[in-house]
2 protein chains.
Amino acid sequence: MQQSVYEALKKGISSARYAPGAHLREIHIAEELGVSRTPVREAIRRLGGEGWVELLPNRGARVTQWSMRDIEEIFEARALIEPWLAGQAALRATPAQIDELEALALKMQDMFHAEGAAAIVDRWFEANKAFHDQIAAAAGNRRLEQSLAAIKDVPLIRWTFATFGDGDHMRSIREHLELVQALRTGERAWAEAIMRCHILAARTSVVRRAEHPEPETET
Amino acid sequence: MQQSVYEALKKGISSARYAPGAHLREIHIAEELGVSRTPVREAIRRLGGEGWVELLPNRGARVTQWSMRDIEEIFEARALIEPWLAGQAALRATPAQIDELEALALKMQDMFHAEGAAAIVDRWFEANKAFHDQIAAAAGNRRLEQSLAAIKDVPLIRWTFATFGDGDHMRSIREHLELVQALRTGERAWAEAIMRCHILAARTSVVRRAEHPEPETET
DNA sequence: TAAATCAAGATTGTATGCACTTATGAAAAA
DNA sequence: TTTTTCATAAGTGCATACAATCTTGATTTA
């Protein structure tokens, strides 16, 4: 049960059901999930170790909070690590892995053209995550893969996708497809360069929108 | 108490008192530290989240194990992240921070010349860690700093220092001092390049010794 | 009015007992 | 001899009770 509590809390945090900065009260969670406090406490400790919540001695745990600076740090880290991983993937990815990546990229393309940006936010996020995760896995460095995951698999990043416009989606699709090409040729430098563009372009787009938040319209 | 159990376990793991792969039995630890199983369980969960132990459902936890491949991955990751951090530190470190770094570098130099490699293994390790941590902190990216710490603050790395010979120590001292110089001038590219040399040289030294382990003599 | 005090309630921390799962080693079967 | 079976022991998972700590708001004091 500790396992399911752990997953429920993680889902709750990434869906912002438990808001950033919110105090997690053990009893409430326990009653909500129909278990005792013990597994809840253990799950919270684990999430504390992974950085999802802050553990405050004698005062429980609060959901980790994010600021503008966090966005910058995350993209800075991604701009460093992901290009390197892409480069390694160009050297080590198997044809089967590359095929899967291509399938994912094409799926995202179809999704977008068939339904438009607004309708696919969640599925787009998942597919995009799968694409990047697969590249990280193909690079063959478990540690960097996990570090990257710890850095970017946070609620904050899901949120940034909601700010993506049509132009961002189209650019992203193009870059994914080009990256697949680069991996297929095994050109390390090319793969690295595309991934760097990909991250930095996304960064700029997100930062610009965060600094000049537009009302609701988004074409 | 959970806090002190957590620290005791972490210390126990990094000192290899709990060997890699060892099964952590809750009752033994609880009795050893004079507490009940509850805080032990919570501490173990936290260490699981941080990667110090593996959590096996219904079968407790075992201390994470390391292989040769792990050494390679760790140095690969360090060779990517630390030069970048050093470069950022060249741009952002305050004079006071640089002075502290210089003091640390000189301390390591004195230590080595006064007592020799064998006598200072532990203190050398600590000072070296402090040096690198301070640079990571000066770079101003909390996430990369923590990721790096998660990657390299493992028992395995302490062990690698035991294999350092006189030549390695002298090279290391020289590089630290040169890095301080680079930081003082604010030359990003220089700082980056030195740090890359520093990591790659250490990597080569460690890998070579791991592959051709010599008896005991070490000049 | 503002600051300090303090007591009741809320919340977290720890110990303990029992249920359940996994590991073990001896006895039985092949 | 080797494999299978199975009972016992060991260990983990969870619930509950109580202790310790923190939060609160009302009351007192300056």
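**Exercise 1. The strand C surface**

Which polar backbone atom is 2.3 Å from a phosphate oxygen of DNA strand C? Find the residue, and then describe the surface around this strand.

*Solution.* Before starting, note that this is a predicted model, in which local features need pLDDT of at least 70 and side-chain atom pairs count only at pLDDT 80 or more, while totals for chains, interfaces and linings use all residues. Residues are numbered from 1 along each chain as its sequence is written, chains are lettered from A and ligands numbered from 1 in the order in which they are written, and side-chain values use heavy atoms, with hydrogens and water left out.

Step 1. The atom belongs to B:Met1, whose polar backbone atom is 2.3 Å from a phosphate oxygen of DNA strand C. This is a polar contact, a term for a pair of N or O atoms within 3.5 Å; within protein, one must be able to donate a hydrogen and the other to accept it, and residues adjacent in sequence count only if both atoms are side-chain atoms.

Step 2. Altogether 19 residues surround DNA strand C, and the closest are A:Arg41, B:Met1, B:Ser36, B:Thr38 and B:Arg59; a residue is near a strand if one of its heavy atoms lies within 4 Å of it. Of the atoms of DNA strand C that come within 4 Å of the protein, 69% belong to sugar and phosphate.

Step 3. By class, the surface near DNA strand C has four nonpolar, seven polar and eight charged residues. Here Ala, Val, Leu, Ile, Met, Phe, Trp, Tyr, Cys and Pro count as nonpolar, Asp, Glu, Lys and Arg as charged, and the others, Gly among them, as polar.

**Exercise 2. The strand D surface**

Which residues are the closest to DNA strand D, and which elements give two or more residues to the surface near DNA strand D?

*Solution.* Step 1. DNA strand D is surrounded by 19 residues, of which A:Met1, A:Ser36, A:Thr38, A:Arg59 and B:Arg25 are the closest. Sugar and phosphate make up 71% of the atoms of DNA strand D that come within 4 Å of the protein.

Step 1. A polar backbone atom of A:Ser36 is 2.6 Å from a phosphate oxygen of DNA strand D, a polar side-chain atom of A:Arg59 lies 2.7 Å from a phosphate oxygen of DNA strand D, and a side-chain N or O atom of B:Arg45 is 3.1 Å from a phosphate oxygen of DNA strand D.

Step 2. The elements that give two or more residues to this surface are helix 3 (37–50) of chain A together with strand 1 (23–24) and helix 3 (37–50) of chain B. Helices (H or I, at least four residues) and strands (E, at least two) are DSSP runs, numbered from the N terminus.

Step 3. Sorted by class, the residues near DNA strand D are four nonpolar, seven polar and eight charged.

**Exercise 3. Two helix pairs in chain A**

At what angle do helix 4 and helix 7 of chain A pack, and at what angle do helix 5 and helix 9 of chain A pack?

*Solution.* Step 1. Helix 4 (residues 68–92) and helix 7 (residues 142–152) of chain A pack at about 150 degrees, with their axes 10 Å apart. Axes are lines fitted to C-alpha atoms, for helices over the stretch in contact, and angles run from 0 to 180 degrees between N-to-C directions.

Step 1. Helix 4 and helix 7 of chain A are therefore roughly antiparallel to each other, a label for angles over 145 degrees.

Step 2. The residues of the contact (heavy atoms within 4.5 Å) between helix 4 and helix 7 of chain A divide into eight nonpolar, no polar and three charged.

Step 3. Helix 5 (residues 95–115) and helix 9 (residues 166–185) of chain A pack at about 160 degrees, with their axes 10 Å apart, and are therefore roughly antiparallel to each other. The residues of their contact divide into 11 nonpolar, three polar and four charged.

Definitions and conventions:
Parallel < 35°, antiparallel > 145°, perpendicular 65-115°, else oblique.
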